[in-house]
Amino acid sequence: WPNIPRDELVDLVDAWGEREGVRPIVVFEGEETADDRIAREAAELQGPYWLVTSDRGLRERAGAHAERVIGGGSFARELRG
């Protein structure tokens, strides 16, 4: 995310997960694209999940079974709020 440094994002998401009682997963580019990994892992999930992305293509690929889809900007405000 261009508006939150990587280390700060991970810390904010971890703190949010603790407050909400959920296990967040933050995905960065690696051997495969972040979008490909997110879509693959979403397809393998057995339980409910939330998807945080502003990318319409990723919403189509990984959001079909999401309990909730949240835009990146909205989620960033929640993390910092």
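Which residues of helix α2 (residues 34-44) are buried? Ala34, Ala39 and Ala42 are. Buried means under 20% relative accessible area, exposed means over 50%, and partly exposed is in between, with a 1.4 Å probe and protein chains only. Seen down the axis of α2, these buried residues fall within an arc of 130°, so they line one face of the helix. The arc is that of the directions from the helix axis to the C-beta atoms.

Some ground rules. This is a predicted model: local features need pLDDT of at least 70, side-chain atom pairs count only at pLDDT 80 or more, and totals for chains, interfaces and linings use all residues. Residues are numbered from 1 along each chain as its sequence is written, and side-chain values use heavy atoms, with hydrogens and water left out. Helices (H or I, at least four residues) and strands (E, at least two) are DSSP runs, numbered from the N terminus.

Back to α2. On the other side of this helix, Ala43 and Glu44 are exposed. What covers the buried residues of α2 includes α3 (56-62). Take alanine 43, which sits in α2. Its relative accessibility is 66%, so alanine 43 counts as exposed. Alanine 43 and alanine 66 are 23 residues apart in sequence; C-alpha to C-alpha, they are 10.0 Å apart in space.

Next, helix α1. Its 15 residues, at 1.5 Å a residue, should span 21 Å, and the end C-alpha atoms are 21 Å apart, which agrees. The expected span here is 1.5 Å times one less than the number of residues. After α1 comes glycine 21, with a positive phi near 70°.

Which residues of α1 are buried? Leu9, Leu12, Val13, Trp16 and Gly17. Seen down the axis of α1, they fall within an arc of 135°, so they line one face of the helix. The face turned away from that buried side carries the exposed residues Asp7, Asp11, Glu18 and Arg19. The buried residues of α1 pack against β1 (50-52) and α4. For packing and contact, the criterion is heavy atoms within 4.5 Å.

At 6% relative accessibility, valine 13 counts as buried. Leaving aside neighbours within four places in sequence, valine 13 is in contact with Pro24, Val26, Phe75 and Leu79. The C-alpha atoms of valine 13 and isoleucine 70 are separated by 14 Å, and these two residues are 57 residues apart along the chain.

Now the partner, α4. Gly72, Phe75, Ala76 and Leu79 are buried in this helix. Seen down the axis of α4, they fall within an arc of 105°, so they too line one face of the helix. The buried residues of α4 pack against α1, β1 and β2 (68-70).

How do the two helices meet? The axes of α1 (residues 6-20) and α4 (residues 72-80) come within 9 Å and cross at roughly 75°. Axes are lines fitted to C-alpha atoms, for helices over the stretch in contact, and angles run from 0 to 180 degrees between N-to-C directions. Therefore α1 and α4 are roughly perpendicular to each other. The classes are these: under 35 degrees is roughly parallel, over 145 roughly antiparallel, 65 to 115 roughly perpendicular, and the rest oblique.

From α1, the contact is made by Glu8, Leu9, Leu12, Val13, Trp16 and Arg19; from α4, by Phe75, Glu78, Leu79 and Arg80. The residues of this contact divide into six nonpolar, no polar and four charged. Ala, Val, Leu, Ile, Met, Phe, Trp, Tyr, Cys and Pro count as nonpolar; Asp, Glu, Lys and Arg as charged; the others, Gly among them, as polar.

Last stop: threonine 53, in the loop between β1 and α3. At 8% relative accessibility, threonine 53 counts as buried. With neighbours within four places in sequence left aside, threonine 53 is in contact with Leu58, Arg59, Ile70, Gly71 and Gly72. Serine 74 lies in α4. Its relative accessible area is 37%, so serine 74 is partly exposed. The C-alpha atoms of serine 74 and threonine 53 are 9.7 Å apart, with the two residues 21 residues apart along the chain.

Valine 52 is in strand β1. Valine 52 is partly exposed, at a relative accessible area of 27%. Its C-alpha atom and that of glycine 73 are separated by 9.3 Å, the residues being 21 residues apart along the chain.
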